[in-house]
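This report describes the fold, the surface and the charged side-chain pairs of a protein model. The sequence and the structure are shown first.

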Amino acid sequence: SRLTVNLDYYIKRSYGIVASVPYNATYGWSSLAFNTANMKSQGIDLSIQGQIVQGPNWRWNSAFNLAYSNNEVTDDRFPNTLKTPGETSTPIEGYPIDQIFAYHWAGLDNKGRSQIRDSQGKVFDSEASTDDFKPTDLRYMGRMNAPYFGGWTNTLSYKNFSFTARMTMKFGHKVRWKEVNSTQYPNNTAGFDGYLANSKAL
């Protein structure tokens, strides 16, 4: 009774996923919400709880859980319109609902600026327009939400006093780099967000 282990596995199907789809702006709206796709998701969840020490004064309880979750769009009803990374995309068949795409990087030019290439291998510098890019010119990078996540909690108690330490984790996903933007400093009172490591924005 001092050790409990649970293992759960699930499969779920979702139908009629609502997403925003580009619409003829002459009607007064640039996009509308439609039932755009179906999706299959599955996952596994492991949970372990134990009373490691159970004495008259001292108690040590520990709990660990680890989960994996995956999803895939199985039917899309609207064409893929994603041409620029960061744009809102309709669900794309064969990819997760939280997919993230990026340009194909083609190294630096002779001025040290980043270059990208399309699906045909044509290289574009940082001043070139990507208005004619197609969805196939982008590269699938992974998921925005972590497929693996979990936590570990330990509670140490002595009589009526207790101390709890908790650790959470998530991994297996992709994060688009975002530097701290200080262009509005010092007038912006809403704060700033982004990544500080190696950032020169400050």
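## Terms and basis

A residue is called buried when its relative accessible area is under 20%, exposed when it is over 50%, and partly exposed in between, with a 1.4 Å probe and protein chains only. By this scale, D98 and R143 are both buried.

The model is predicted, so that local features need pLDDT of at least 70 and side-chain atom pairs count only at pLDDT 80 or more, while totals for chains, interfaces and linings use all residues. Residues are numbered from 1 along each chain as its sequence is written, and side-chain values use heavy atoms, with hydrogens and water left out.

## Fold and surface

The protein has zero helices and nine strands, where helices (H or I, at least four residues) and strands (E, at least two) are DSSP runs numbered from the N terminus. Along the sequence this gives the pattern β-β-β-β-β-β-β-β-β. Of the contacts (heavy atoms within 4.5 Å) between residues at least 6 apart in sequence, 51% join residues at least 24 apart.

Of the 202 residues in the protein, 25% are buried. The accessible surface, computed by the Shrake-Rupley method with a 1.4 Å probe and, for residues, with only the protein chains shown counting as cover, comes to about 14300 Å², and 53% of this area belongs to carbon and sulfur atoms.

## A buried pair across the chain

Side chains of opposite charge can pair when their charged atoms come close. A salt bridge is taken here as a side-chain nitrogen of Lys or Arg within 4 Å of a carboxyl oxygen of Asp or Glu, and a search of the whole structure finds five of them.

One of these joins the side chains of D98 and R143, with an N to O distance of 3.1 Å. This pair links distant parts of the chain, since D98 lies in the loop between β3 (58–76) and β4 (99–108) and R143 lies in strand β7 (residues 138–143), 45 residues apart.

## Other salt bridges

The side chains of D109 and R113 also meet in a salt bridge, at 3.1 Å from N to O. Within this pair, D109 is buried, at 14% relative accessibility, whereas R113 is partly exposed, at 25%. Together with E127, the residues D109 and R113 are linked in a network of salt bridges.

A further salt bridge connects the side chains of D75 and R77, at 3.5 Å from N to O. Here D75 is partly exposed, with a relative accessible area of 28%, and R77 is likewise partly exposed, at 41% relative accessibility.
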